Amino acid sequence: MKYATFITAEEASQNLNNSGFLFIECSYALADPQWGRAEYEKSHIPNAVYADLHDDLSGTIISGTTGRHPLPSKESLTATFSKLGIDENTQVVAYDMQSGAMAAARLWWLLQWSGHQNVAVLSGGKSYWEKKGFPLAGLQTERTPKQYKASFNDDFLVQSDDVLKEIEQTGSCIIDSRTNDRYQGQNESIDPVAGHIPTAISKPFNSLLNPEGMIGDDAKLGDYFKDTPGEAVFYCGSGVTAAFNILLFVHSRKVFPKLYAGSWSEWIADKSRPIA
């Protein structure tokens with residue numbers, strides 16, 4: 001069986017010894033960039049490898065131009081996936097400490113963008129896995145590199161100029177995936193400018209998650225996105241939690257919307273761009 005959105009802890013645990021499965025931990029904390037790797041080294045799903053949001057899943061920050069987590073180049077991303085040991089036959093299971101929004105869904109999106117559909121996010125993450133008593137290990141795993149063959153689909157992406165055109169078009173749909181207080185311009189503690197992209201609709205990435213970091217109800221998820229067109233553009237602060245919202249959308253609607261990867265932190269880098 002192939003998994004392309006979510007995989008439950010029970011399903012994942014049945015494939016711990018499946019050579020076709022690769023578990024990748026992506027735990028990360030914006031306030032402490034070293035925390036994620038330390039968390040992985042302390043304990044992780046057996047045979048899992050680690051991918052760092054900053055070092056492996058993001059590109060070079062250009063001050064005044066890019067956002068906080070720009071996309072890596074296609075060449076460097078292909079090299080990273082090869083180093084992690086992914087090929088066309090690999091079923092990837094991405095996870096972090098909880099829901100997958102930081103930054104397992106980022107890995108999921110990057111793999112989908114590069115043409116690899118057999119990737120799923122572990123529902124509930126490592127915290128739920130541990131709560132259910134599934135095994136954890138402390139030894140780091142050395143994965144044999146493989147030849148990753150990428151086939152990038154740039155239709156998944158929009159740039160800032162595309163977003164400007166969306167603002168001007170009647171019926172456009174831009175989705176802000178940040179928490180609602182940040183959308184409203186309140187309690188902005190991450191980026192230097194508060195507010196949101198004009199005409200954007202607030203649909204926080206965590207609205208339907210239960211306390212265990214899982215989707216509480218698939219029916220509610222369907223209702224949450226029922227009025228969101230398939231060509232909607234999702235953004236967040238730096239293109240990370242928006243990937244989780246896209247994951248939820250694809251899980252619910254079976255349609256792949258677009259990502260403005262630069263997101264709010266890139267948008268505000270150019271003072272000529274409008275702000276609401």
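The model is predicted: local features need pLDDT of at least 70, side-chain atom pairs count only at pLDDT 80 or more, and totals for chains, interfaces and linings use all residues. Residues are numbered from 1 along each chain as its sequence is written, and side-chain values use heavy atoms, with hydrogens and water left out.

Select residues 21-25 to display strand β2. Strands here are DSSP runs of E of at least two residues, and helices are runs of H or I of at least four, numbered from the N terminus. Five of the five residues of β2 are buried, meaning under 20% relative accessible area with a 1.4 Å probe, protein chains only (exposed is over 50%, partly exposed in between). Phe21, Phe23 and Glu25 point one way from the strand, while Leu22 and Ile24 point the other way.

Two strands count as paired if DSSP finds at least two bridges between them. Residues 49-50, strand β3, also pair with β2 in the parallel sense, over two bridges; look for tyrosine 50 opposite glutamate 25.

Now move to residues 104-113, helix α4, which is largely enclosed by the rest of the structure because ten of its ten residues are buried. Among them are Trp108, Trp109 and Trp113. Within α4, select glutamine 112, which has a relative accessible area of 10%. Leaving aside residues up to four places away in sequence, glutamine 112 touches Ala4, Gln117, Val119, Phe156 and Phe256, where contact means heavy atoms within 4.5 Å. Finish at glycine 115, which follows α4 and has a positive phi, near 100°.
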